[in-house]
Amino acid sequence: MTRPSPTNISRRSLLKSAGAVAGVAGAGTFISIGRAAAQDMFAVNMQLGWLASNGILGEVVANKKGFFADEGLTLNITPGGPNVDGVASVASGRANLGQISSSPSLMLARSAGLPVKAIATGYQKHPFTYFSLKSNPVKTPQDMIGKKVATNGTARILLEALLAANDISEDQLEILVMGSDMGPLMTGQVDVVTGWNTNTSALKILGDQRVDLTLWDGGVQLYAYPYYVNDTTLADHPEQVNGMVRAISKGWGYAYENREESVDILLEAYPNLNREDELATVDLVLDYVFDAKTAENGWGTMNRENWVRQIEMYEALGQFENDPPEVDDIMTMAVLEATADTRPKFGG
């Protein structure tokens, strides 16, 4: 499944979306985020930033295995998409848990005045990648000099960040805007294309000729699939938020130890996914979820210093229409600290 690139969200679009969400809320059409009275369970409405994929493998497994129920929670997953502003949905209170593709969206939202805050991260490194071919390889950012590099319009800022981090001027290469099609690389129209390296189905066309340069290895170290809540949910329901993280982390831990079964659970929930592709991708996904940092600190760990660097990078690139947000307004370690003894420690 094609995944979105990290997006540059303007203050105007964010606030406009938030206003629209608030208007619908006034019409009484939103899912309740309070306790479901019939079962005395706390209803978790999880808003995705994109369509359902293996990025929510742990959540689907946790729900199937009863880990949410063990915490007194019920789970409903709401897909996102190109016309869905998931951040505004969480900020307004329509959803009480969110997951978005990339961490900069939360920084931009907070700068625009939306009260959202990261509580954990799904992937320890971002899978966004620059793909080339062995016949004309781009293994380092410096190898892009003199090349034709095609990227999504929303991901152009990432290329600018990559070039800035490596002291490369934009006029040293040719930048083109493209969609998610990998074909132009195979036909020689461009030298580099971009996407997530977990997108197995889209990458099949490149075969064994593929060469990867990840954004992370190029020096731009963003988080992928961060989890976030709004300030009110965090303040009014701290135990339930802790329970969400405990349940999700157990689901990912189960997936780590039971990979094929977990893929089948995902396919049961989302039969539109391709089993062969998901089985081919699950090991890579779990390598992003669990690494040496999670082996020490448990699933979902993140660090304040990385967020500070991201803010500084986006400020240097002129991405904030208002003042840059404070790091403690963007993220909190409180939930991870409260669940430290229960989150699985895999990886290495």
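A residue is called buried when its relative accessible area is under 20%, exposed when this area is over 50%, and partly exposed in between. These terms are applied below to a predicted model.

The salt bridges were examined over the whole structure, and the search finds 14 of them. One of these is formed by R246 and E71, whose closest N and O atoms are 3.0 Å apart. R246 belongs to helix α10 (residues 238-257), whereas E71 is placed in the loop between α3 (67-70) and β3 (73-78), so this pair ties together parts that are 175 residues apart in sequence. With a relative accessibility of 17%, R246 counts as buried, because the limit for that class is under 20%. E71 has a relative accessible area of 22% and is therefore partly exposed.

A salt bridge also joins the side chains of D277 and K204, with an N to O distance of 2.9 Å. Here D277 lies in helix α12 (residues 275-289) and K204 in the loop between α8 (200-203) and β10 (210-214), so the bridge ties together parts that are 73 residues apart in sequence. The relative accessible area of D277 is 9%, and this residue is buried.

In another salt bridge, the side chains of K293 and D291 meet at 2.9 Å, N to O. K293 counts as partly exposed at 30% relative accessibility, while D291 counts as buried at 13%. Salt bridges can also be linked through shared partners, and in this way E71, R246 and K250 are joined into one network.

Charge on the surface was considered next. A patch of negative charge is made up of E312, E315, D323, E326 and D329. Within this group, D323 is found in the loop between α14 (304-316) and α15 (327-330). Its relative accessible area is 65%, so D323 is exposed, the cut-off for this class being over 50%.

Helix α2 (residues 57-64) was examined for burial. Of its 8 residues, 6 are buried, so helix α2 is largely enclosed by the rest of the structure. The buried residues of α2 are L57, G58, E59, V60, V61 and A62. The backbone just after α2 includes G66, which takes a positive phi of about 85°.

Definitions and conventions
Residues numbered from 1 in each chain as written. Predicted model: local features only at pLDDT ≥ 70, side-chain atom pairs only at ≥ 80, totals over all residues. Heavy atoms only, no water. Salt bridge = Lys/Arg side-chain N within 4 Å of Asp/Glu carboxyl O. Helix = DSSP H or I, 4+ residues; strand = E, 2+ residues; numbered from the N terminus. Buried < 20%, exposed > 50% of the residue type's maximum accessible area, 1.4 Å probe, protein only. Patch = residues over 30% accessible without salt bridge, like charges linked within 9 Å, V, L, I, M, F, W, Y side chains within 5 Å. Areas by Shrake-Rupley, 256 points an atom, 1.4 Å probe, with all protein chains shown as cover. Lys, Arg positive; Asp, Glu negative; His and termini not counted. Charge placed at Lys NZ, Arg CZ, Asp CG, Glu CD.
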